[in-house]
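Colleague: Please take me through the reading of a model feature by feature, giving me the general idea before each case.

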Amino acid sequence: MNVPPIPTNEADRLAALRSLQILDTEPEERFDCITRIAQRAFHVPMALVSLVDAERQWFKSHQGLCACETSRDISFCGHAILNDIPLIVPNALNDPRFADNPLVLGDPNIRFYAGMPLKVLSTYRVGTLCLIDRNPRSFSRNETLLLHDLAQLAEQELAAGKTSLLVELQQRNQEMQLLSDLSDFLQASLTLTESFEVISQLMGSLFPSCSGGVFIICASRNRVEQGTVWGPHLHSVSEFAPHACWSLRRGSFHVIRPERMALKCGHVLDDPSVAATLCIPMIAQGETLGLFFLSSPNPDALTSAKQQLAHTVAEQIALTLANLNLRATLQNQSIRDPLTGLYNRHYFEETLQREIARAQAKQTEIGVIMVDIDHFKQFNDTYGQGTGDLVMQAIGKLLREQVWGVDIACRYGGEELTVILPDTTLEKAQAKANEIREAISLLKVPFHGKMVQQIHASLGVAGFPKHGNNRITLLQTAIAALHRAKGNGRNQVILAP
């Protein structure tokens, strides 16, 4: 066990502590309120205001701990007052300074400790506001910031005995709860629409005197678009170029108050009622995904504390956007053919089965077109290896342009493709097949300075319910029609009889 070293200014430090005339005084609500809030906010069994005397540490306030003092030699707080930064011990059993400490090996069985030094006269560290848990745990940056804020309130009470600042403390506690709710709801959101609804509902409580919005950078990276807004007046255009925002240009927050209005962003409206704005880029995994924006008619609305809160909120939203984008990418990869960009065979089979069930219930028709590229293997032989892939990519793009609405184009396998046409008669399906055949015959695909042309396809058309009341029968009928088209000379459409 390491005995805490004595600070170099120990004599002056003790003099400052004793000048407070607080040692061995009765408990006071102004300190107990702080430790109670700390105990609840951080979900720890013990929270203390500890003052380090010459031979002991004495507790002005102690939640969850019966003792009023312990020896300084075994104190964690004796180590914490050696620096201005908080002392965080995630697991005391793994820390050589405390592994064999009696407070670790015996009651109260300390495992986790977080102590923020308390200073008086801006110089002397007289004690700590500390948190103790009997279980190891981590401590996030946001928790560190909150502990720092609570410690500042304790310092102010030590110096002046003011109780009015507890309102601010309660506000911070409320903000922590709202942040927790925001995080929970955002993590549970399955779509952008859901996440935007959560954001618009909770932002008003977190920033009550502000209006704001979340803006998303579009896929082309040349436009920023409004995702969701809250408050009475947004004070920003709904769509703008990324360079219109200083924060997106610089990659850091940009705050404007009356004395700096000349530096306001180009997307902010010219409104004399706007006294303060804050722009924060939303960045996740190294990519800028959008912008978190706040505005207020009150020049004092965006305090340092509110700016830090906005940073935390922007980080949470950015992480949610990144997760939703990843989920959408994985979902798309699971149902798309990577070469053509069309839906894959698995998605085709599931969709056709679902559309048949829907058509049976509504008593409507479905058209199915099977497409096979004629003499496909000759492309690589004639023009060079890789030509076939370019042809398939071009045809995939063509089919994505040819189908619309509820129609679905898929790659069935190899050079075979298929199109599902819900609510479509056989006659209209046949007409659509002829449109596709003609469009394919007009395709010209550049390859190494040459132009691949004379691309043709054979197509077979079948329909529900005439050619089958289940997926397998309907598909087999369409394939049989395709084979007849190929056997009759190719580059034609055959309608199943």
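This is a predicted model: local features need pLDDT of at least 70, side-chain atom pairs count only at pLDDT 80 or more; totals for chains, interfaces and linings use all residues.

Colleague: Is Arg490 buried, partly exposed or exposed?

Modeller: Buried means under 20% relative accessible area, exposed means over 50%, and partly exposed is in between, with a 1.4 Å probe and protein chains only. Arg490 has a relative accessible area of 27%, so it is partly exposed. Asn109 also is not a glycine and has a positive phi, of about 60 degrees; it is found in the loop between α4 and β5 and, because its relative accessible area is 29%, is partly exposed.

Colleague: Which peptide bonds to proline are cis?

Modeller: The bond from Asp107 to Pro108 is cis, with omega near 10 degrees, and Pro108 has its place in the loop between α4 (102-105) and β5. The bond from Phe464 to Pro465 is likewise cis, with omega near 10 degrees, and Pro465 is found in the loop between β18 (457-464) and α14 (471-487).

Colleague: Turning to helix faces, which residues of α1 are buried, and why are they on the same side?

Modeller: An α-helix has 3.6 residues a turn, so residues three or four places apart point the same way. In α1 (residues 10-19) the buried residues are Glu10, Arg13, Leu14, Ala16 and Leu17. They are on the same side of α1 because they cover an arc of only 160 degrees around the axis, the arc being that of the directions from the helix axis to the C-beta atoms. Their cover includes β1 (46-52), β5 (112-120) and β6 (124-133).

Colleague: Which residues touch the most other members of the largest nonpolar core?

Modeller: A nonpolar core is a set of buried Ala, Val, Leu, Ile, Met, Phe, Trp, Tyr and Cys residues joined through side-chain atoms within 4.5 Å. The largest has 34 residues, of which Phe42, Leu51, Leu129, Leu131, Leu147 and Leu158 touch the most other members. Two or more residues of this core come from each of α1, α2, β1, β5, β6 and α5 (141-160). Met203, Ala276, Phe292 and Ala322 are included in a second, separate core of 33 residues.

Colleague: What does Leu158 contact, leaving aside neighbours within four places in sequence?

Modeller: With contact meaning heavy atoms within 4.5 Å, Leu158 is in contact with Leu20, Ile22, Phe31, Leu51, Leu118, Val120 and Val126, once those neighbours are left aside.

Colleague: Which side chain joins that of Thr35 in a polar contact?

Modeller: A polar contact is a pair of N or O atoms within 3.5 Å; within protein, one must be able to donate a hydrogen and the other to accept it, and residues adjacent in sequence count only if both atoms are side-chain atoms. Thr35, in helix α2 (residues 29-42), is joined to Gln63 by a side-chain polar contact of 3.1 Å, and at 0% relative accessibility Thr35 counts as buried. His267, in the loop between β10 (254-256) and β11 (276-284), also counts as buried, at 0% relative accessibility, and a polar contact of 2.9 Å joins its side chain to that of Ser236.

Colleague: At what angle do α12 and α13 pack?

Modeller: Two packed helices are described by the angle between their axes and the distance between the axes. Helix α12 (residues 387-402) and helix α13 (residues 426-441) pack at about 145 degrees, with their axes 11 Å apart; axes are lines fitted to C-alpha atoms, for helices over the stretch in contact, and angles run from 0 to 180 degrees between N-to-C directions. Where they meet, α12 brings Ile395, Leu398, Leu399 and Gln402, and α13 brings Lys432, Glu435, Ile436, Ala439 and Ile440.

Methods. Residues are numbered from 1 along each chain as its sequence is written. Side-chain values use heavy atoms; hydrogens and water are left out. Helices (H or I, at least four residues) and strands (E, at least two) are DSSP runs, numbered from the N terminus.
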